[in-house]
Amino acid sequence: MSKLIYFLGLFFFTIPVFSQQLKVNELRCTYKNNPQGVESPAPALSWKLFSAQRNVLQSAYHIIVADDALTLAKGIGNVWDSKKVASARSLLVNYNGKPLISGKTYYWKVKVWDNNGLASAWSDPATWQMGLLTVSDWKNAKWIGYEKMPDSLVTILPLDTKKDKPEGNNIQPLLRKEFRVNKAVKKATMFISGLGHFELQLNGRKVGDHFLDPGWTKYDKEALYVPFDITAQLKDGNNALGVMLGNGFYYIPPIKARYKKLRASFGYPKMICRLLIEYKDGSVANIISDESWKTAASAITFSSIYGGEDYDANLEQKGWDIPGFDDKHWKSAVAVGGPALTSQKAEPLKVFDQFTAKTIKPLGNGDWVYDLGQNASAIIELTVKGKKGDTVKIIPAELLKADGTANQRATGSPTYFQYILKGDGAETWRPRFMYTGFRYLQVIGGIPEGQSNTTGKPSLITLKSLHVRNAAATAGSFESSSELFNKTDDLVNWAIKSNMVSVFTDCPHREKLGWLEELHLMGSSVRYNYDAAALFKKALQDMRNSQTADGLVPEISPEYVKFDYGNGMFRDSPEWGSSSILVPWYLYEWYGETQALAENYDMMQRYVAYLGTKAKNNILSQGLGDWFDLGPERPGVSQLTPMGVTGTAIYYYDLNVMEKIALLLGKNADAGKYAALAMEVRKSFNDTFFNTETKQYATGSQTANAMAVYMNLVAPEYKDAVVANLVKDIRDRNNGLTAGDIGYRYVLRVLEAEGRSDVIYDMNSRTDVPGYGYQLAQGATALTESWAALPTVSNNHFMLGHIMEWFYSGIGGIRQEKGAVAFNHIQIYPEPVGDLRYAKSSYQSPYGEIASNWRKTADAFELDVIVPANTKATVYLPATATQQVSESGQKIRPAGFEKGRAVVQVGSGNYKFKVQ
């Protein structure tokens, strides 16, 4: 950055210190608001500063933690009092007080001082509740179920070639327990896990609003438990707990008549729980899962995470989850074994958008097709009226066949929902333990209300699509004058939402598997849009649990199936497994997360060592390469970029990142080792793939040249020529893209960094060739698996959405300065390319909102910027030395210009720049 950059005078940018009050709020513990289930002995505490004053930096903080609300209100930190600490740190400050107790709730608040000596008031109080930290804290609770799976049927990692051995369907059980409350309750917390998934009922009402709890994991290694505060739902006297269980990924029924991607069989559904009741008199009671619970089959007659769910309302047992129910015909629960437990720290899944039919059309065979208008991860909600025993079957699909029927060719067939009526007026049902991806619903056996119904079939009063996703909070927004870009942003966002569950999946239907390349390649797009740090950390936990003894991190995590097809090409690909190294690093860059670096360092080391054993002369050629690039053949394994290019480039990048991580962790010897190996890999890469005459890498594909530049593999003297070749290839293809799943992000990153956002604009501003606009033109409402929106592959896929990152970092210009962490030094570098007239971008960073809103007028360029407190920013305004630059109506004189930009540094605050 030019030495001419300077801070504009404080006489212009500041407001008198006494005119505004400094505030601190949005307290977070381990990234969450008032979390439960905290297991760290030193939870990480964060907060945000707010002030209308400019140039506000934190100079000190004071945290107090108490073991009850009244003590905290008195200003007493009887568990921890940090005293006044001179520090600018407001992110992930580790608790450093008395040892924390399992299940206990802690109350905390913070006050801060700014760089002008102004002290804030104390924040509003926040809380966290500890999880169950040891096995003994479960108070002898047992895993219980309806039945135990014979050991001979347990298969924790089936081969993709495994054949079905049909054993019949299995029971989806109900479990119940009654207990009494005879004293005043202070707090009641349920700690519960149910595999595959559970729904908890208390006194006839569902507890919470979660869906598909707990998140799925590598079940032979661990399961997640979920804490619920049920204080308000308890009542004096008799109470009844009810738990409904479903298969999920824990058991996939080997039924030939229903679709299944894999055959995992960890066991039959089971549950473990501890209800902790704290009374106001200081005493405690525990209700645990054991053989005293009663169990019976539920009305769910079939449940598969892939094949659908069937429900027979005639099998319902009314009142099973309220006190006084006669369960004498139920049997005692069976004690079974189960995996180790850890708390669910990522956000749960919940129901969000609801879609009703845009059109309802009859088919010639008497079926009906509902078009919900949006392809999304979802469940159905059916309200129907008919006779006892009537059956309605609903087939979900992304696309329709030529005859108008549901097309499940690319999503897995047969998959459907089935409901058998009890004939008791209007009946409403939604599946509990299965979701899928769809836009269309084909109804068999029912007729929409209001339509002619001479056959007496059930009348469908309503049929909705309920979008389900991880409940990570929205963090960003983007809008521009380009309607195509706005629709593209929405297209990608629906693919992100539809594949952001308790793992980041590839698609919400056919596979639902955690393919790992998306995490590092699409990670920035996700982070600009969602506060998903905890979910990324959960993904790392899954990787650790899936890593093999020889160090391989498989391409999917959790690994539920061992892909042996193609000599393991779908199991061992460096571009996928490298998420085990890159995700922790990106968490550090985006959130200041250092814990993930330390706790995953062993996994990273083992994976890099594994790659070393696979390299031949430092070249890695295994795997899938630039998956689904745009070549002459049907998309799949890399066509335009030779094997070895992408794998070796990512290997070199891994080594560079490992050097940085080792230095941060104080492991200098490791850092030196990784740096030395990186230089060897770089030499081998260039010797093998670089043509010094043509200045091209390998075949000269967009992916090969872009990755060589991005990873700094290219020698400095050749860099400009390689970039020029990248641009030339794009231009020669009439601004057409060819890069695939692995390469396209790096194409965009290199073009943006080299000041060629104009090329990105031209590549993505068309609808006539495969790409985002083409997908929209084909009617897609979520990003598709292939650039050409092929109907033979998924039409709701996560992997190619890299353009979204450019919307924020390029068009909006919200970036980090080199070396910044968690956006503590922001770069605002908007790209008003093409015929764009305006763009509005915002991102809720760990420090607060960053916003960049620009517009072109007839005679000026205007830019409004928000910089959060406790950060600073460098603003790059499109301007020449002959133009006038002003802020809030006052002329300013930039000290210098770089590459057609006037450069200004500012502190926190709101700014209005104008160039004319």
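**A walk through the model**

Cys507 is buried, because its relative accessible area is 0%. Buried here means under 20% relative accessible area, exposed means over 50%, and partly exposed lies in between (1.4 Å probe, protein chains only). This is a predicted model, in which local features need pLDDT of at least 70 and side-chain atom pairs count only at pLDDT 80 or more, while totals for chains, interfaces and linings use all residues. Residues are numbered from 1 along each chain as its sequence is written, and side-chain values use heavy atoms, with hydrogens and water left out.

Cys29 also counts as buried, at 1% relative accessibility. The number of disulfides in the structure is 0, a disulfide being a pair of cysteine sulfur atoms within 2.5 Å.

Next comes the chain as a whole. Of the 916 residues in the protein, 62% are buried. The radius of gyration is 29 Å, which agrees with the value near 29 Å for a compact globule of 916 residues; this radius is taken over C-alpha atoms, and the globule rule is 2.2 Å times the number of residues to the power 0.38. Along the principal axes, the C-alpha trace spans about 85 × 70 × 60 Å. The protein exposes about 33400 Å², and carbon and sulfur atoms supply 49% of that area, by the Shrake-Rupley method with a 1.4 Å probe, where for residues only the protein chains shown count as cover. Among contacts (heavy atoms within 4.5 Å) between residues at least 6 apart in sequence, 74% join residues at least 24 apart.

The secondary structure comes to 19 helices and 48 strands. Helices (H or I, at least four residues) and strands (E, at least two) are DSSP runs, numbered from the N terminus. Two strands pair if DSSP finds at least two bridges between them. Strands of a sheet pair through backbone hydrogen bonds, either parallel or antiparallel.

Strand β2 (residues 44-50) runs antiparallel to β1 and is joined to it by 5 bridges. Cys29 stands opposite Leu45 in β2.

Val903 belongs to strand β47 (residues 901-906) and is buried, with a relative accessible area of 2%. Val903 and Asn94 are 809 residues apart in sequence, and their C-alpha atoms are 37 Å apart in space.

Strand β32 (residues 436-444) has 8 of its 9 residues buried, so the rest of the structure largely encloses it. Strand β26 (residues 368-385) pairs with β32 in the antiparallel sense over 7 bridges, with Leu441 of β32 as the bridge partner of Tyr370. Strand β27 (residues 391-397) pairs with β32, also antiparallel, over 5 bridges; here Val443 in β32 is the bridge partner of Ile394.

Helix α3 (residues 483-498) has 16 residues and reaches 22 Å from first to last C-alpha, close to the 22 Å expected at 1.5 Å a residue, the expected span being 1.5 Å times one less than the number of residues. In α3, 13 of the 16 residues are buried, so the helix is largely enclosed by the rest of the structure.
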